[in-house]
Amino acid sequence: MNLSFFDQFSSPSLLGIPLVLISTMFPALLIPSMDKRWVTNRLSTLQLWFINLVTKQLMSPLNNKGHKWALILTSLMIFLLLINLLGLLPYTFTPTTQLSMNLALAFPLWLATLLTGLRNQPSTSLGHLLPEGTPTLLIPALILIETTSLLIRPLALGVRLTANLTAGHLLIQLISTATVTLFSTMPAVSLLALLVLFLLTILEIAVAMIQAYVFVLLLSLYLQENV
Amino acid sequence: MTLASQVFANRQAAMAGHDSGSQHQFTGFQKYFNSYTIIGRRNYVIATYTGVALLVLYFKFRPKKQAPAVTDK
């Protein structure tokens, strides 16, 4: 069957059985399980060091109430990081290219930060909708603009992750197709395309890590305003 | 707000506190509606939302002018 460039993004299935759950849960298998030893092996030590670093970075701007979110934010970060990086392997499905999954992650978490703020400190949460020191004439317009900005946050979170990863994967596929197609007719150009592909792959590794970090960082910022 | 300005504003707020309304002494209307204290900003937000809601309700429920019925003579 003839494949199009977008077939890599279709949800995987085998004989009609959807495999998206396996592809989403697979990264968890790569994380070593908890060890009862005090001094663990190199992999576990490295993993623990990295998780500690991520948690400290995310939690340092937050107050004590916000630290309750440490587990969910750190685990979300590791989850997205692993999925994004594994998706760069050839013929691997990337669940975070699906807008449905990213919106399913972004919307409830954003809503939770909003409701936390409105429930625990409603005046402060409402007050943040107007930036400090705004000139009087601009106040109504700015309140409406800030409200729109608030409501568009989950959409922006989800679409940012989806668009970055989808665009990256598509570019990799296009340039690799060009490299292979040109190899027989114009090998010099094919070599140039191969160099571009190499640089693009390095960029995509960076983008995969950065996008996971940005997703969780923005959620922690939204939490900071509300806690 | 861009991501960079948001990060900067939040870091500043974390360091300096939520608002700088303590050094302002407001009287009258500005005591309750100002863009410096958190309560003043909250009141402006509630007033704006109330205004928008009233506008929506006005345009939804205003009596529509009915055209006179055309009758054959």
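# Reading a predicted two-chain model

Guide: A:Leu192, A:Leu195, A:Phe198, A:Leu199 and A:Ile202 form a nonpolar surface patch with about 520 Å² of accessible area together. This is a predicted model, in which local features need pLDDT of at least 70 and side-chain atom pairs count only at pLDDT 80 or more, while totals for chains, interfaces and linings use all residues. Residues are numbered from 1 along each chain as its sequence is written, chains are lettered from A and ligands numbered from 1 in the order in which they are written, and side-chain values use heavy atoms, with hydrogens and water left out.

Visitor: How is a patch defined?

Guide: Patches are made of residues with over 30% relative accessible area and no salt bridge; like charges are joined within 9 Å, and nonpolar side chains (Val, Leu, Ile, Met, Phe, Trp, Tyr) within 5 Å. Accessible areas come from the Shrake-Rupley method with a 1.4 Å probe, and for residues only the protein chains shown count as cover.

Visitor: Where does A:Leu192 lie, and is A:Leu192 buried or exposed?

Guide: Helices (H or I, at least four residues) and strands (E, at least two) are DSSP runs, numbered from the N terminus. A:Leu192 lies in helix α7 (residues 187–226) of chain A. Buried means under 20% relative accessible area, exposed over 50%, and partly exposed in between (1.4 Å probe, protein chains only). A:Leu192 has 54% relative accessibility and counts as exposed.

Visitor: Which side chains meet B:Arg41 in a salt bridge?

Guide: A salt bridge is a side-chain nitrogen of Lys or Arg within 4 Å of a carboxyl oxygen of Asp or Glu. By this rule there are two over all chains. A:Glu132 meets B:Arg41 at 4.0 Å, N to O. This pair crosses between chains, from the loop between α5 (122–127) and α6 (139–183) of chain A to helix α3 (residues 38–61) of chain B. A:Glu132 is partly exposed at 35%, whereas B:Arg41 is buried at 4%.

Visitor: What does A:Arg153 form a salt bridge with?

Guide: Its partner is A:Glu225, with the closest N and O atoms 3.3 Å apart. A:Arg153 lies in helix α6 and A:Glu225 in helix α7 of chain A, so the pair ties together parts 72 residues apart in sequence. A:Arg153 is buried at 9% relative accessibility, and A:Glu225 is buried at 15%.
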